[in-house]
Amino acid sequence: VTDQAFVTLATNDVYCQGALVLGQSLRNHRTSRKLAVLITPEVSSGLRSVLRSVFDEVIEVNVLDSADSVHLALMQRPELGVTFTKLHCWTLTHYSKCVFMDADTLVLCNVDELFDREEFSAAPDSGWPDCFNSGVFVFRPSLKTYNLLLQFAAEHGSFDGGDQGLLNSFFSNWATADIGKHLPFLYNLSSSAVYTYVPAFNHFGRDAKVVHFLGATKPWNYKYNLQTKKVMQDGTIDGSLHQLSFLSLWWNIYSASILPLLE
Ligand code: UDP
Ligand code: MN
């Protein structure tokens, strides 16, 4: 299938590490879809060439390069910078349907069945389940939608300052309109949920399909011992074995498949 793609975003070299592990995890599980990554000019040429070896398409978007009418209004809202960059995924109109995935996600199995879903499909947010989490979503690229989103951003901003608030306000009937657009939580399992509802995790967690390392501390912020293949625990890890095993998985992919490309 060449007109459908998984899409991620990395605005700097640090987030590229996440994008690379995500892309590699999709390859490891033999996706039949294309892999695309959006980057900004800040990303170094070294990482661009590594990205090209994992992704089918590396697309540079400019944070300031936007649809003319709302460009100026958005320039007044610098806090929407990264948010705005994520919206560029709607401009990938050479694809008929895409699945966006944050660079801090990781697939645990083949998830190509996500393409059976329609725009706008996403999983509940563990912090406020009537909102979706914008780390994994199904969408249809469209310049019309893109421009409506930009206009909406300029007029209303975002209630959380990020893309998630904006997208939840824009696709505001998600919570009630069509249960088919609610992805199971297993497609966007936040590592924090693992320890906020332990019995549910113990019961359902074995079927997890996508892990999302949301929050301030990302997998690449931990230390990893290449000899023992252990993620180093420091005070910030919550002691959850499951969380540790997801982190180890991330680091296994990073050390086995990505580090060699960076050398
Ligand atoms: N992102 C990026 N550069 C940044 C911050 C975010 O490229 O400086 C992208 C990246 O794809 C990331 C997504 O935007 O996964 C959303 O940000 P993040 O995952 O940090 O937010 P969280 O999921 O923790 O709320
Ligand atoms: Mn994220």
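## Backbone exceptions

The place of Lys-229 is in the loop between β10 (224-225) and β11 (230-231); helices (H or I, at least four residues) and strands (E, at least two) are DSSP runs, numbered from the N terminus. Lys-229 is not a glycine, yet it has a positive phi of about 55°. With a relative accessible area of 54%, Lys-229 is exposed; the term exposed applies over 50%, buried under 20%, and partly exposed in between (1.4 Å probe, protein chains only). Arg-30, in the loop between α1 (13-28) and β2 (34-39), also is a residue other than glycine with a positive phi, near 55°. Arg-30 counts as exposed at 70% relative accessibility.

Most residues other than glycine have a negative phi, and most peptide bonds are trans. The bond from Glu-119 to Phe-120 is cis, with omega near -5°. Phe-120 is found in the loop between β5 (105-107) and β6 (121-124).

## Basis of the model and overall composition

This is a predicted model, in which local features need pLDDT of at least 70 and side-chain atom pairs count only at pLDDT 80 or more, while totals for chains, interfaces and linings use all residues. Residues are numbered from 1 along each chain as its sequence is written, chains are lettered from A and ligands numbered from 1 in the order in which they are written, and side-chain values use heavy atoms, with hydrogens and water left out.

The secondary structure of the chain comprises ten helices and eleven strands. Of its 263 residues, 52% count as buried. Among contacts (heavy atoms within 4.5 Å) between residues at least 6 apart in sequence, 71% join residues at least 24 apart.

## Nonpolar cores

A nonpolar core is a set of buried Ala, Val, Leu, Ile, Met, Phe, Trp, Tyr and Cys residues joined through side-chain atoms within 4.5 Å. The largest one has 49 residues, and Phe-6, Leu-51, Val-99, Met-101, Val-111 and Trp-250 are those with the most contacts inside it. Helix α10 (residues 241-262) supplies the largest share of this core, eight residues. At least three residues of this core come from each of domain 1 (4-184) and domain 2 (189-262), the bounds being those of an automatic or database domain assignment.

A second, separate core of 28 residues includes Val-61, Leu-87, Phe-120 and Phe-171. As for Val-99, its contacts, not counting residues up to four places away in sequence, are Ala-5, Phe-6, Val-7, Leu-114, Phe-115, Val-136, Phe-137, Val-138 and Phe-139.

## Helix α5

The 14 residues of helix α5 (residues 143-156) should span 20 Å at 1.5 Å a residue, and the end C-alpha atoms are 20 Å apart, which agrees; the expected span is 1.5 Å times one less than the number of residues. Ser-142 caps the N-terminal end of α5, with a side-chain oxygen 3.2 Å from the backbone nitrogen of Lys-144. After α5 comes Gly-157, whose phi is positive, near 65°.

The buried residues in α5 include Thr-145, Tyr-146, Leu-149, Leu-150, Ala-153 and Ala-154. Thr-145 has a relative accessible area of 14% and is therefore buried. Leaving aside neighbours within four places in sequence, Thr-145 is in contact with Trp-90, Glu-119 and Phe-170.

A polar side-chain atom of Asp-104 lies 2.9 Å from an oxygen atom of ligand 1. For Gly-215, a backbone N or O atom lies 2.8 Å from an oxygen atom of the ligand. An N or O atom in the side chain of Lys-218 is 2.7 Å from an oxygen atom of ligand 1.

Gly-165 lies in helix α6 (residues 163-170) and, at 0% relative accessibility, counts as buried. Its C-alpha atom is separated by 9.5 Å from that of Thr-83, 82 residues apart along the chain.

Arg-206 is placed in the loop between α9 (198-204) and β9 (210-212) and counts as exposed at 69% relative accessibility.

Technical notes: A polar contact is a pair of N or O atoms within 3.5 Å; within protein, one must be able to donate a hydrogen and the other to accept it, and residues adjacent in sequence count only if both atoms are side-chain atoms.
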